[in-house]
Every structure is written in C-alpha cells, then in structure tokens.
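Here is a brief report on one model. Look over the sequence and the fold before reading on.

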Amino acid sequence: MPKFYITTSIPYVNAPPHMGHALEFVQADAIARWRRLQGDDVFFLTGTDEHGAKISRAAADAGKNPREFANANAKQFGDLIVKLSVSPNASIRTSDQKHHWPGAEDLWRRIAKNGDIYKGTYKGLYCVGHEAFVTEKDLKGGICEDHGKKPERIEEINYFFRLSEYGDEIKKRIETGDLEVLPEKRKNEVLAFLAEGTQDISFSRPAKDIPWGIPVPGDSSQTMYVWCDALSNYTSALGFGGSSDELFKKYWPADMHVVGKDIVRFHAVIWPAMLLSAGLPLPKRLFVHGFIHSGGKKMSKTLGNVIDPFSVLKKYGTEAVRYVLLSASVFEDNDLTPERIHKLYTAHLANGIGNLVSRIAAMAEKYFEGKIARPSDVVLAAVPFKTDIDMVGAKDRDLEIEGPAVSWFIEHKTTVRYRAAWEEYRIHDALHEVMELERMLDRYIQDYEPYKLIATDRKHAEAVLWNVLLALGAMARFLLPLLPGTAHSIAGMLGVDMDAVGANTSEYVITKTSALFPRIE
Ligand code: MSP
C-alpha cells in the first residue's frame, strides 16, 4: 500500500483562526480523504506554531502568560478542525516539550554537526514599539508607520544558517521535479528567487528577547528562531529525534506540504536546505494555495472584513462551509463576503443538491412507496439525457440524435473529468463536475416531468427516477472526499452502504431524510 504523508502549515496562535486557516485545513483534508479512497496509507498532520515574540506580545496584551494564551488559541484551532470535519491523524504543538522539542533540537544538532551553523552579528533596524526588527518596507521617511518612532540601528549576536550553500542544489531539485511546486507560477517564482542567489539567514535570537521558545542546544543564551522551531514540526511529529521514530521511518519524506502563497519560500528554499544539511530526504511536493480576500481586500481586523469561520459554521453548517471553501479556485486568490457565501449556499446547496435529493425522495415515496426497481435496458434507453451535445463532447452519432444514457454521461464525462481534476489537485474542478451532474439532473427532471408522466406512463416515470437515483449514488461517491457528511446522507437516503453505492443494485428502497440544506434567510 503506497504511503502518503500530507501536512498543513502550522498556524500562529497569536489570534483565533480565520477563514484563511479554514481554507487550508479543508483543502488538505479533501486531498487526504481522496488519497485514502485511492487506497493509500495516509498520514495527515496538522498543528500549531506557538513560540516567538509575536505570541508573547499578544499574550501580554491579553494579560496572560504565553502558555495560557497559546493553550486558549490552540484549542480554538482544534475546535475548528473538528467542526469542519477535518480528519488529521495527528496534531503537533511547537510548545510541546515532550513531542516537538527533541525533534527540533536533533535537527539543529545535525545541521550544526554538518558545519552549517555559525555565530555572527546580526545588524538591523529595531523598533521598540514592535519589540522586533523591522525592514525598510515597514518605514515611511525612516519612521515606523505603526509606532511613529525612528527605529534604532542595533547589532546582536545570532547563530546563522549557511543557506547560501544550498541554493544551487535546491534549484536543481525543483527544476527536475524532484521537489514539485504546484502550481507552475509559484514554481517559477521560487526559481526566479533562487536565480538571484541565496544568503545565509539568522537562525537564532538572544534568549532575553525571545524567552518563549526552544533554547539552542548547548547555548541557552540563544533561542531558536522560527525556522528550526517551526519547520521541524513536520519531522518531529513523526517521532524524529524522539524515543520512537517508527512513524518517521514509515512516512518521511512528506508527499505534500499544503501551504499558502506567503510562505512558499520558507517551504521551497529554507526547509529543503535544512533537510539537505541534516542529510534527510526532501519533501516531494508543495501545494501552494491562494488567499481568501474579502470585498477585494486582504482580511484584516482594522478593515473589519474578517470572516469568522465559527459564525459561518453556526449559520450554514459544516458541509456548506466546506462547499464554499472547496469551490474556490485552489491556486488563485478568492473573494469571500457574507453575501457571496449566502448566494452560493442558496443557489448551489439549498436550491441545488438539497432540493434535488428531497424532491426525488418525495416522488419515490409518493408514487412508488419508496421502492424503485431497475427498469429493463430498453426502457432505460428511452429516457436518455436530452442534452446539448457540446456538454457531453461525444462524437457518437447515436448520442447526437438521442442524447446519452445517464450512466454513459456519468462514466464518460463526470468520472473522466473528475479524476483528471484530482490528478492535478484541482479540487474546485472536481467539485464543479459534481455540480454539473447535479444541474444535468435538474434539467433531466424538468425535461421528462416524472410528476406528470406518472399519470400516463408509469414505467418510464420509474425509469427516470431510477436514473436520478443511480446518478445520486455516483454523486455520493464523488462527494465523499469533499463533502463527506452530504455523501453519507445521500447514501443513507438511497439505502445503500457507502462502499456499495453505485454497485449494481436491482432496487432502491428510499428512506426520506431531513433536508440536507434547508433554506436560510
Ligand atoms: N506559522 C506560520 C507557518 C509555519 S509552517 C512551519 C504561518 N502561520 S499563519 O497563521 O500566518 O498562516 C498559516 C497558514 O494560513 C499559511 O499557509 C497562510 O498562507 C495561510 N493563510 C493566512 N491567511 C490567509 C488567507 N487570508 N487566505 C488563505 N490562506 C491564508 O504562516
């Protein structure tokens, strides 16, 4: 059984989760579920990034100590994962001294042993208000925009990592596809960055400035900077450097790191360089998603356009939030406003899948006491999709005249396109195919009007319902990695076991279920 190790990035716990985090969780979850369905032995990791000045500062502002503060926010991330039906196999916290620290320390030691860590002087602009180094970009006319103060030019002793040694090797690995960066435009961005040459990076900070973090092995006057502290979660979570490295042996290297576009360089350059230095294999693939914007702007507290995933979940439910997030084009930025969420819910879920399922269940019950038997092939052939041939893309003359059988359409269009989308991790296109099928079914019912046909031609009315039920079974299978709850509800309505959905049933016995997506004002 092939293994598939997939991770999300680990979000900072300086604030509660927002919709961008929800996006990453749900995308990684859909991929993990898809790989499981393909028969892979999947290990899906998520976690939280809890150290650093940013978090101790946010904790101080909230009048809490960093641990209390991190615990409270980490809990919210955990709750969000559960509410979104995300299915990780493990979750790692960088403040976990038992499970994470030994792994981060071991990685540091290996890199040091390889001669890639040295002591140097870090020179930079320090803003007292930020309690951190700032760059020229944060300044206007030499003044910190946020604090209205001129930063001090200071020097401090840091450990540095010899990133400059590894730029060429990483470039080669990316060019050969050894380390795949999806999509292509992100790969090109990374290659352009590498072409300029890499410089060594600061790898630690004085412990007096960052007391909330992992002490540098052998020198507690310094704290590891974010690179070794956070990126090492992907290996420490598998027990690397700890008491048992069974999981590490089984699952490393990662098959996919799911990350946002702002942290590509960390994952495509710094992390691989650290691994090369430590003599460990590189991850195989980075999946770089776009950003969720709101009303054309970056979500931010100051602009007041942050969408709280918990309130959307409360109003619309798990499946709807997954739908909204998974229908967003994965490699692009997407705009999300409360209005758009409502529109998607109403048009695609309440009036779409939800309505189709409840209509068909009601008709099956009303006209056939919930029992729909498989019609003969001749009868089925008489009720094809009356569809625009362009939608099918078929060249077959018979199809052009009659339209395709519903089962033909599912097999030759939906399944083919759905699988092709998954091959390239275009999750939104996979979902789109399911929705296309849903729209075809709405039209199919409209074309044959089984609620009228029943009065004159019971046999063909039953065949129409049979076809829709068959298609709903296929939809349940297609939806399983995307909207698992909906998939199970549909299978429940069809009275079939999820594993057997779509198998050659001779009769459907329908159980009416409560509305999948009730209308919401
Ligand atoms: N802690 C680091 C990651 C370390 S990984 C070893 C971090 N944390 S974060 O909380 O700022 O972001 C976590 C993830 O959420 C990142 O992949 C980031 O790109 C993603 N997003 C943050 N805001 C986002 C949106 N508005 N939209 C989509 N994803 C966004 O970076």
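How far is the sulfur of Cys 144 from the closest cysteine sulfur? The distance is 3.8 Å, to Cys 127, too far for a bond.

## Basis of the model

This is a predicted model: local features need pLDDT of at least 70, side-chain atom pairs count only at pLDDT 80 or more, and totals for chains, interfaces and linings use all residues. Residues are numbered from 1 along each chain as its sequence is written, and side-chain values use heavy atoms, with hydrogens and water left out.

## Cysteines

The whole structure has 0 disulfides. A disulfide is a pair of cysteine sulfur atoms within 2.5 Å.

Cys 144 is buried, with a relative accessible area of 1%. Cys 127 is buried too, at 2%. Buried means under 20% relative accessible area (exposed is over 50%, partly exposed in between; 1.4 Å probe, protein chains only).

## Helix 13

Helix 13 spans residues 338-368. Helices are DSSP runs of H or I, at least four residues, numbered from the N terminus. Helix 13 bends by about 45° at Asn 355. That bend is the angle between axes fitted to the seven residues ending there and the seven starting there. Just after helix 13, Glu 369 takes a positive phi of about 50°.

## Helix 13 against helix 21

The axes of helix 13 and helix 21 (residues 484-494) come within 11 Å and cross at roughly 10°. Axes are lines fitted to C-alpha atoms over the stretch in contact, with angles from 0 to 180 degrees between N-to-C directions. That makes the two helices roughly parallel (angles under 35 degrees).

Ile 353, Val 357, Ile 360 and Ala 361 of helix 13 meet Thr 486, Ile 490 and Met 493 of helix 21. Contact means heavy atoms within 4.5 Å.

Technical notes: Parallel < 35°, antiparallel > 145°, perpendicular 65-115°, else oblique.
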